[in-house]
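Work through the exercises below with the sequence and the coordinates open. Each task is followed by a solution in steps.

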Amino acid sequence: MTGPAVPFREIVLKVHSRCDLACDHCYVYEHADQSWRTRPKAISDHVVSRTAQRLAEHARTHALPSVSVILHGGEPLLAGPARLRRVCEEFSSALAGTAELDLRIHTNGLQLSPRYLDLFDEYDVKVGISLDGDRAANDRHRRYADGRSSHPLVLKAVKLLRQERYRHLDLGLLCTIDIANDPVAVLDALTGLEPPLIDFLLPHATWDEPPPRPDGSPTAYAEWLLTVFDRWQEQGRPVPVRLFSSVLSTLSGGPSLTESLGLAPTDLIVVETDGQLEQVDSLKSAYEGAAATGFDVFTHSFDEVAAHPGVRARQLGLAGVSETCRRCPVVRSCGGGLYTHRYRSPDGFDNPSVYCADLAALIRGIEDRAAAATESPAVRDPYELLAAQQDLTRTLLAALHDGLDGSGGEAWESAWALAAEVESDPAGQAGLDLVLAHPYTRTWLLDALGAAGAGRPMEGPPAERLAATVAAAAVHAGLDLAVPVVHRDGRFFLPTLGEVRAGGAGEAGTALVRADGEGFAVHTEGGALHIARGAGESPHWLPVRRLRAAGETGPVHVAGGPGAVPTRVLDDLDPYRTCFDTPAAERLSSSAADAWSASLAEAWELLARTVPEQAAEAAAVLTTLTPLAGGAPVQAGRHGYGALGIAAGGDAHALATALLRGFRQAKLRALAEVTDLYASDGSWDHRMPWREKPVPFSRLLSETYERVGLGLFAPRFLAGVPQALDMIEEAAETTVDGKQLLAVMRKEINGTHGTSGRNGCKTDTERAAVR
């Protein structure tokens, strides 16, 4: 195998191999690998130039938009301003026109001065400083060789960097943890300096050389960090803390934000002062030569280094951690810990981290503390879910308009201005909310966003739908506002209302739609039409039809007006109803619509008797049912919460089961659109109690969620569900909101109104299903 699985986007460039401090916890000088003794003190111009060329070559090969170069040591400022200027010049020149260059330097700060910072300002070199807390904490390790304190000079450097003219260069503070230090005092000292970021690092250790634990506690480092976390919370999170932000991100399904945690593949390479190419520097803590690759910048490309087995091992995600870690529920957040910390002779790195117990306790502790603040209310409250979906639709509409940036054409701009006018009136705002909540609005928006992203013009159907949406909103609100709507082939569709036939076949033009007290008027070149509220089908008007409730008789037509509210409708007209796996049926005849409505009413009545809570929620949410030409009895659309496609046929029980399944599918999809229920990275396979072959976690979750709902209607579906819920709880992919959904499912099958734990009492039905 050749070429990188993941290209290198970051290089650590050792510009000087010596240091002006004698920190006793330094992995470069105090740990197993002592190769620094044989390397040049300072990097040569030749190594700088060759490295810059290699990086530019790599960026071009992989079309990288940006790359980072971190100047490191030893202490990089010992290289001096002239050499550092040469480094900045070489890399800026080599990357010009190829990739954006992000230059950084990590220093102990002792040599920092305006002379350096003026240079860094010229080349936009960001500066990170090591500081372990207050003076007592910092002096525990970061001292001169003669024992003198470095703390005053480090504070001077930090304050210099905080000056207004240099503040934009400040990367923040890096603190190495020592559990002998007071965690509250450490955090207070660091936050008091108002850095843009604090990065806490566990001291480098291996199973051969484990970290100190004065009280013998296997979770001493977690306890120290959780005390810091509590204090950070108490302070109102005044400064981002990378370690905490990373855990919070992965718990919510997001990416890891640090190499020390998570399963993201490594994209970093180290260049030593002699041009040797090495793996991540912390490996020097494991054993002599652990970081070596045998490659150098003179004869080897970065792609060759990426094929090195040691680099490959750190690009494997879940497959690259130990078997113990792969079975652990928190592996997504901890990622097996820093690669270096897994080392144990003679079996190498195929172990959990030496901080394994600490990492598990830290992640669970943060989850327990932050769950309430990070949980999405949409998981527990169906009306919050509807509100979140409405917010998402409005966000997509705004994103579409912003993305067009004036290029949408006259029709779009005119409709947008009228939308703002409608929105300024309270009744108009309610009317616009009603139309935007229509499920097929989302289909239109996503199609339009795809067109805009592909550079296609916004004239035609996408822009016309915005005008029709505004017109429908104005009609619902009863606003005296004329909205121009394009008609093609003599007709146009007003979403949630119906289709107006304003001319003959082949005719096209613009109609003005204006609400009045009895419905709305349509003015075209050929004359005027008036559509009365509640009007039935006519040669000029095909209304969206309301679905009857069980036993209901009388008119089933829908037309808007002041105070109009959404009802469950049969929508066989909307041009954007084609979002199902099966084609939508053509307009049903009145007799067919009545028969279709009657069979659905019977199924709804059965659901209302059997699972009243689910039926009530489904009735409130599923506003739009569309006849399909065939396929599965019930389908959830690809987008837009609130729509189901229904194929004809089947008895009331079969249709009720299919409706309930479609509702559960649609709801889970809607939840996944507004919050992360699980993390999708890694190769995750799970065996389900009712299937032989392993499936991805998404399938495990979706089928279990469906079966919970169906099991309340037909108990046979609960077979295997309790085991599946246990599997979900133990899965590494489950986020905070995923666990919240798990609690909701347990509550459903337990038939209680409180959150049931994993060992909560089961109902007789569930026990029977398990048996």
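## Exercise 1: Confidence

pLDDT stays under 50 over residues 550-566, and the model has 48 contacts beyond four places in sequence for this stretch. The model is a predicted one.

**Solution.** 

## Exercise 2: Overall dimensions

**Task.** State what box the C-alpha atoms fill, what share of residues is buried and what the accessible surface comes to.

**Solution.** 
1. Taken along the principal axes, the box is roughly 95 × 65 × 50 Å.
2. Of the 771 residues, 55% are buried.
3. The accessible surface is about 31,300 Å², and carbon and sulfur atoms hold 52% of that.
4. For contacts with a separation of 6 or more, 68% are between residues 24 or more positions apart.
5. The secondary structure amounts to 25 helices and 21 strands.

## Exercise 3: The nine-strand sheet

**Task.** Give the strand order of the open sheet of nine strands, and explain why one side of each edge strand is left without a neighbour in the sheet.

**Solution.** 
1. The order is β6-β5-β4-β3-β2-β1-β7-β8-β9, with mixed pairing.
2. β6 and β9 (292-296) are at the edges; each has a single partner strand, so one side of each has no neighbour in the sheet.
3. Direction ignored, neighbouring strands of this sheet are turned by 25° against each other on average.
4. Inside the order, β1 (residues 10-14) and β7 (residues 268-271) run parallel and are joined by four bridges.
5. In this pair, Val-12 stands opposite Val-270 of β7.
6. Helix α6 lies across β5 (170-176) and β6, at about 150° to β6.

## Exercise 4: Nonpolar cores

**Task.** Name the residues of the largest nonpolar core that touch the most other members, and list what Leu-84 contacts beyond four places in sequence.

**Solution.** 
1. This core has 96 residues, and Leu-84, Phe-91, Phe-120 and Phe-200 touch the most other members.
2. Helix α7 (residues 220-234) supplies the largest share of this core, nine residues.
3. Beyond four places in sequence, Leu-84 contacts Val-15, Leu-71, Pro-76, Leu-77, Ala-79, Ile-105, Tyr-116, Leu-119 and Phe-120.
4. Another core lies apart from it and has 57 residues, including Ala-378, Leu-588, Leu-700 and Val-721.

## Exercise 5: Backbone geometry

**Task.** Locate the cis peptide bonds at Gly-74 and Pro-346, then the positive phi values of Glu-194 and Thr-496.

**Solution.** 
1. The bond from Gly-73 to Gly-74 is cis with omega near 20°, and Gly-74 is in the loop between β2 (66-72) and α2 (81-95).
2. The bond from Ser-345 to Pro-346 is cis with omega near 5°; Pro-346 is in the loop between α12 (331-334) and α13 (356-374).
3. Glu-194, not a glycine, has a positive phi of about 55° and sits in the loop between α6 (183-191) and β6 (198-201).
4. Thr-496, also not a glycine, has a positive phi of about 80°; its loop is the one between β11 (491-494) and β12 (498-501).
5. The relative accessible area of Thr-496 is 12%, under the 20% limit, so Thr-496 counts as buried.

Notes. Residues numbered from 1 in each chain as written. Predicted model: local features only at pLDDT ≥ 70, side-chain atom pairs only at ≥ 80, totals over all residues. Heavy atoms only, no water. pLDDT = per-residue confidence, 0-100. Contact = heavy atoms within 4.5 Å. Core = buried A, V, L, I, M, F, W, Y, C linked by side-chain atoms within 4.5 Å. Buried < 20%, exposed > 50% of the residue type's maximum accessible area, 1.4 Å probe, protein only. Helix = DSSP H or I, 4+ residues; strand = E, 2+ residues; numbered from the N terminus. Areas by Shrake-Rupley, 256 points an atom, 1.4 Å probe, with all protein chains shown as cover. Pairing = 2+ DSSP bridges. Axes fitted to C-alpha atoms, helices over the stretch in contact; angles between N-to-C directions.
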